[in-house]
Amino acid sequence: MTKKKHKRLMVSFIFISLFNVKGQVKIITRQSGGSSPENSGDTWSAYVKGFIQTDAMLDFQEMGFKDGFIAPSIAIPQNNSVNSNFSIKQSQIGFGIKQMDENGNSDLSAYTEIDFLGPNGATAPRFRQGYIKWKKLLIGQTWSNFSDFDIFPNIFDFVGPNGTMFIRTVQIRYSTPLSKKESLSLSLEDPDAASIFLPNNAPNWKKKSILPIFTAVYRYGNTRDYCKLGTMVSPISYEIKNDEQKHTDANTILGYSGMVSARLYSGTLSNFRFQSSYGKGYSSYNVVLNGEKYDAIPDMANNRLVALNLFNIVGIYEHWWNPKLSSVIYYSFSQLGRKDFVPDTMIHNFQNSGINLAFQPRKKLRMGIEGTYGMLKNFGRQKANIFRIQLSSSLSF
């Protein structure tokens, strides 16, 4: 390819990225070369999509996580330390391929995605999703079946309401329609997703990953208005080595949870979104507690592992003032169950709320301001709170 043609191609790609209205950029379409009659009319299509986002944040209290609002990372005790942070780590790039028949339908596709939230605070590529879909079957890493990403509102914060069930996990999922408005999805998910607290003075305790996590979600409604009911069973396996008798005791306790979520529109300008969940041993599915070791903790006096209760509730209201201007207001509260043997430094409850004003002069271009408040309280009755102001702009392609 000549330099002139290469430059022309790059200019075309940038132009399409800025003004394409389909939410993704198609980069190649190829007719299937197979000789099989059932594939004779099929075509393969590849596309990229994503967004570039820049954030400027000002915090009025120390927070361990800088690039998203995570209430459990608020520093205790209160010190009212002012900190600022500029970031592009929310930016995402996804690449997908799909096979389409002559009518434009697809029952075979694959997708992979990265963001730039690298380890140890670095701005570096991080794998988010990668999966294959064939007919009603999905295999790979994507949002858990127990998550409901459709309730995520038009906000700028990377994390959002802290009481939501938003995690990505490796899974095998089967989804099928039950009627015109009903569907059911079942999944077996990563058995290593459970996260338990083991103190440093208990080297004989060891986490095991044996049985997968099972989820089932029922959905009723249309593309706009719907409700979901979900359940999850999470086997948490561990072993305790007995030095005196020189043998290992293997044990499994069951975590479980129920979830309800909904999105309801009032006309075309306003909608209300809701999610609540309750159970025990499932905290790793909470958006801010994933990997934080709150699924279960050891009861050393009785030589056993005990799953902790968790309650979450989130309410979101989104309103469009006009086709280019919108606002969101939300509140989220989460609380973990109290046990006599829970360390005082562990989290008892946390909450966050936010409000914003978003301006979209073009369909792909978004900018605005957001204010978020959060509070954290531990089992030792210590607490701290924080307020954040965030200015953001993003361009989707």
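Student: Where does I389 sit?
Tutor: I389 is in strand β21. Strands here are DSSP runs of E, at least two residues, numbered from the N terminus. The model is predicted: local features need pLDDT of at least 70, side-chain atom pairs count only at pLDDT 80 or more, and totals for chains, interfaces and linings use all residues. Residues are numbered from 1 along each chain as its sequence is written, and side-chain values use heavy atoms, without hydrogens and water.

Student: Is I389 buried, exposed or partly exposed?
Tutor: Partly exposed, because the relative accessible area of I389 is 31%. Buried means under 20%, exposed over 50%, partly exposed in between (1.4 Å probe, protein chains only).

Student: Switching topic. Which residues touch the most other members of the largest nonpolar core?
Tutor: Y285 and L336, in a core of 43 residues. A nonpolar core is a set of buried Ala, Val, Leu, Ile, Met, Phe, Trp, Tyr and Cys residues joined through side-chain atoms within 4.5 Å.

Student: Which elements supply at least two residues of this core?
Tutor: β12 (226-242), β17 (309-322), β18 (325-336), β19 (347-359) and β21.

Student: What lies apart from it?
Tutor: Another core, of 11 residues, including W205 and I240.

Student: What is L336 in contact with, beyond four places in sequence?
Tutor: Among them are L289, Y294, I347 and F379. Contact means heavy atoms within 4.5 Å.

Student: And Q129, buried or exposed?
Tutor: Q129 counts as buried, because its relative accessibility is 6%. Q129 belongs to strand β6 (residues 123-134).

Methods
Helix = DSSP H or I, 4+ residues; strand = E, 2+ residues; numbered from the N terminus.
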